[in-house]
Amino acid sequence: MTVWDDLVGQDRVQEQLAAAARDADALVTSVSDGKPLDQGSKMTHAWLFTGPPGSGRSTAARAFAAALQCTSPDRALGGAPGCGFCDGCHTSLIGTHADVQVIRTDLLSIGVKETRDLVRRAQLSPAVGRWQVIVMEDADRLTEGAGNVLLKAVEEPAPRTVWMLCAPSLEDVLPTIRSRCRHLTLSTPPVEAVADVLIRRDGVDPERAHAAARATQGHIGRARRLATDERARARRAAVLKVPLRVADVGGCLKAAQELIDTATDDAKQMAEEVDAKETEDLKAALGGVAGGRMPRGTAGAMKELEDKQKRRKTRTQRDSLDLALTELTGFYRDVLALQLGSKLAIANVDVQDSLDRIAESSTPAQTLRRIESVIACREAMDRNVAPLLAVEAMTMALRAG
Ligand SMILES: [Zn+2]
C-alpha cells in the first residue's frame, strides 16, 4: 500500500506527483532550508488540479500532501516518499496532520476574510512536518476579491509552503492565479478501474461494483455511495422514475415536489449528523458548562456558527438536487443513444425497460429538448431561482418534450 492507492486511472498524474515528492524530499533532507526551489525542480509551491467531478482531484492533492510529509526511513534507502504507513503519510491521509489543511467549503463561495486567514496561516513554517500544505478543494468558488488575496500568497510563497488548488477546469480559476500554478489534469477514470477499486478497497461484491461504476460513469465518489449506501440506491431509483411520471400536469408537480423534499431531507439529515456535535464542541471550546450559562462574549461566536450551519444546509440541499439532475441527464443521454442506435455503452442498464419505453415513445429531437430543460433547471438555480419553481418548470418541460 502507498499514498497513491486511492487514485484511480491517473497514472500520468501520479508519476508527476511522485517525481515532485522525490525532489521535495531531497530538498528538505539536504541542508538547504530557506533556499527557494530552483527552476529545474519537479517540485513547486503552487499546484492546480483540474478534472471532471469525481475524477479524484482532491484525492490526488491529499495523496501528494501525504507524500510530502512522508518520514519513512526507507526513503534514505532509495524508496520513494509516500509509503502510506509512516506517521506523516498516515495522519495526512486521515486528515489529522498539523501541517496539512484541507479547505472544503460548505458554502457557495469562499470570501476575502476566510482567504486572508488562510494566507496568514500559510506564511508559517511547518509545525511538525516537512511542508506546510494547504489543499483548497473548491478553488472555483473563490470570489474575485478572495482570488486577489490568494494571488499574493501564491506569488511569494513561504519557503516551505505548498498550495494545492482543485477546480473542475482551468477556466474556473482566475487567470492570474492559474498562470502561477503547475497544472495537472485528471481524466474520468475508466468504468472498469472504478469497479476494481470498489471491489479491492471497499469490499463491494463484483456485480454490484460494476453496476455502480457503470451507472455513475467513472465518478468514484458517487459510485462508492451507490454501491455501499442503500439510501443512495433508493434515491437514484426514484429519480430515474421521473421520466415516466411526467405524463400529466399533476404528475409533473408531484414529481417536482418530491425531488425538492428529498433534497431537503438530505440537508436535514446532514445537519442532524453534524450540527449538534459542532455546537457542543464550540460551547466546550468557549468554556461553557453543559446546561449552564455561557460566558460573556460567546453570543457572537454562536451566531457565526449558526449562520455557517444554515449556509451549509443550503449547499447540501443544492448538491443533492444537482445529483438528481445529473442522474436525469444520464437517463436521457441513454435514451438518445438508443434512439440513434449509438454503440455507446448505456449507463443505466438497470432501468432498461424505462429507457426503451421513453425511446420508443419520443423522437431524438424531443430527447435533446428534455436534456436542455434539465440543464436549464440547473442554470436557473445558479441564478437563485427558487428551487421548487425551477424544478417544476423542468418537469413541465420534460412532459412537453
Ligand atoms: Zn510515509
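Helices here are DSSP runs of H or I with at least four residues, strands are runs of E with at least two, and both are numbered from the N terminus. With that settled, Glu278 sits in helix H11, residues 249–285. I will come back to that residue.

First, the basis. This is a predicted model, where local features need pLDDT of at least 70, side-chain atom pairs count only at pLDDT 80 or more, and totals for chains, interfaces and linings use all residues. Residues are numbered from 1 along each chain as its sequence is written, and side-chain values use heavy atoms, with hydrogens and water left out.

The overall division. Going by an automatic or database domain assignment, which sets the bounds, the protein splits into domain 1 (11–185), domain 2 (191–228) and domain 3 (244–289 + 302–400). Between the C-alpha centres of domain 1 and domain 2 the distance is 28 Å.

Now the metal site. Which residues hold the zinc ion? The protein donors are the SG atoms of Cys70, Cys83, Cys86 and Cys89, lying 2.3 Å from the zinc ion. A donor is an N, O or S atom within 2.8 Å of the metal, or 3.2 Å for Na, K and Ca; water is not among the atoms, so sites may look incomplete. Along the chain the zinc donors follow the spacing C-x12-C-x2-C-x2-C. Cys70 and Cys83 are both in the loop between helix H2 (57–68) and helix H3 (87–94), so this pair ties together parts that are 13 residues apart in sequence.

On geometry, the four donor atoms subtend angles of 105 to 114 degrees around the zinc ion, which makes the arrangement tetrahedral. The rule for four donors is that all angles lie between 85 and 135 degrees. For reference, the ideal angle for four tetrahedral donors is 109.5 degrees.

Are Cys70 and Cys83 buried or exposed? Cys70 has 0% relative accessibility and therefore counts as buried. Cys83 is at 17%, so Cys83 counts as buried too. The cut-offs are under 20% relative accessible area for buried, over 50% for exposed, and partly exposed in between, with a 1.4 Å probe and protein chains only.

Cys70 also turns up in the next item, the cavity search. Over the whole structure, one cavity of 30 Å³ or more is found. The largest cavity has a volume of about 30 Å³. Its lining consists of Ala21, Ala24, Asp25, Ala67, Leu68, Cys70, Arg75, Pro81, Arg130 and Trp131. Helix H1 (11–29) and H2 are the elements that give two or more residues to this lining, and H1 gives the most, with three residues.

On a 1 Å grid over the protein atoms alone, a cavity is a set of points where a 1.4 Å probe fits but cannot get out, a pocket is an open set with protein on both sides within 12 Å along at least five of seven lines, and lining residues have an atom within 4 Å of a point. Grid points are joined across faces, edges and corners, and a volume is the space filled by probe spheres set on the points.

Strand E2 (100–103), helix H4 (112–122) and helix H12 (298–339) each give two or more residues to the lining. H4 gives the most, with six residues.

Back to Glu278, as promised. What does Glu278 touch beyond its neighbours within four places in sequence? The contacts, meaning heavy atoms within 4.5 Å, are Leu305, Lys308, Gln309 and Arg312. Glu278 counts as buried because its relative accessibility is 18%. Arg312 lies in helix H12 and, at 5% relative accessibility, counts as buried. Leaving out residues up to four places away in sequence, Arg312 touches Asp106, Leu107, Met270, Val274, Asp275 and Glu278.

Last, two backbone notes. Gln217 has a positive phi, near 50 degrees, in a residue other than glycine. Gln217 is in the loop between helix H8 (206–216) and helix H9 (220–228), and at 38% relative accessibility counts as partly exposed. Asn384, again not glycine, has a positive phi near 65 degrees. Its place is the loop between helix H14 (364–382) and helix H15 (387–400), and at 68% Asn384 counts as exposed.

Terms used: Tetrahedral: all angles 85-135°; square planar, octahedral: opposite > 155°, others 65-115°.
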